[in-house]
Amino acid sequence: MERQQSLKSAFLLTTAETAAGATLTIDAANFLQDDGNPATELPTLATNNSYYNVYINGVLQMEGITTYTPGATGVGSLAINVPAGGDPIPANTPIVLEIVQFAPSSTTTVTT
């Protein structure tokens with residue numbers, strides 16, 4: 001079985017602090033792509049064949065504190081719920097959105 005995998009990353013440096021208990025919502029256009037150009041949309045995640053990870057200051061975040069919404073600028077976004085009672089996200093903190101999509105395929109060769 002062979003898997004074709006598409007891995008994309010989007011980068012952001014926060015401009016203001018997000019307090020504990022608050023939500024940081026990042027529009028698709030605020031992210032930079034791997035090549036340094038502004039993103040224009042967040043891709044749709046294929047059911048059962050894709051996932052995303054969020055890293056804040058280089059640390060992988062736990063499932064359940066983020067909401068990923070695919071779409072173009074003004075629609076596509078990543079929302080991060082900063083847990084109440086935890087630490088805030090300071091200004092100038094790097095956030096990385098990693099998107100992994102794969103298409104499983106297989107080839108069978110029968111020789112007689």
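## Basis

Strands are DSSP runs of E with at least two residues, numbered from the N terminus. This is a predicted model, in which local features need pLDDT of at least 70, side-chain atom pairs count only at pLDDT 80 or more, and totals for chains, interfaces and linings use all residues. Residues are numbered from 1 along each chain as its sequence is written, and side-chain values use heavy atoms, without hydrogens and water.

## Largest pocket

A pocket is an open set of points on a 1 Å grid over the protein atoms alone, where a 1.4 Å probe fits, with protein on both sides within 12 Å along at least five of seven lines. Lining residues have an atom within 4 Å of a point. Volume is the space filled by probe spheres set on the points, which are joined across faces, edges and corners.

The largest pocket has a volume of about 240 Å³. Strand 1 (2–13) and strand 4 (41–42) each supply at least two lining residues. Strand 1 gives the largest share, 3 residues. The lining includes Lys 8, Asp 34, Glu 41 and Ile 99. By class, it has 5 nonpolar, 3 polar and 4 charged residues.

## Second largest pocket

This pocket has a volume of about 190 Å³. It is lined by 14 residues; Ile 56, Gln 61, Pro 83, Asp 87 and Ile 89 lie nearest its centre. The lining divides into 9 nonpolar, 4 polar and 1 charged.

## Ser 50

Ser 50 lies in strand 5 (residues 50–56). Ser 50 counts as buried because its relative accessibility is 16%, and buried means under 20% relative accessible area (1.4 Å probe, protein chains only).

Notes:
Helix = DSSP H or I, 4+ residues; strand = E, 2+ residues; numbered from the N terminus. Buried < 20%, exposed > 50% of the residue type's maximum accessible area, 1.4 Å probe, protein only. Nonpolar A, V, L, I, M, F, W, Y, C, P; charged D, E, K, R; others polar.
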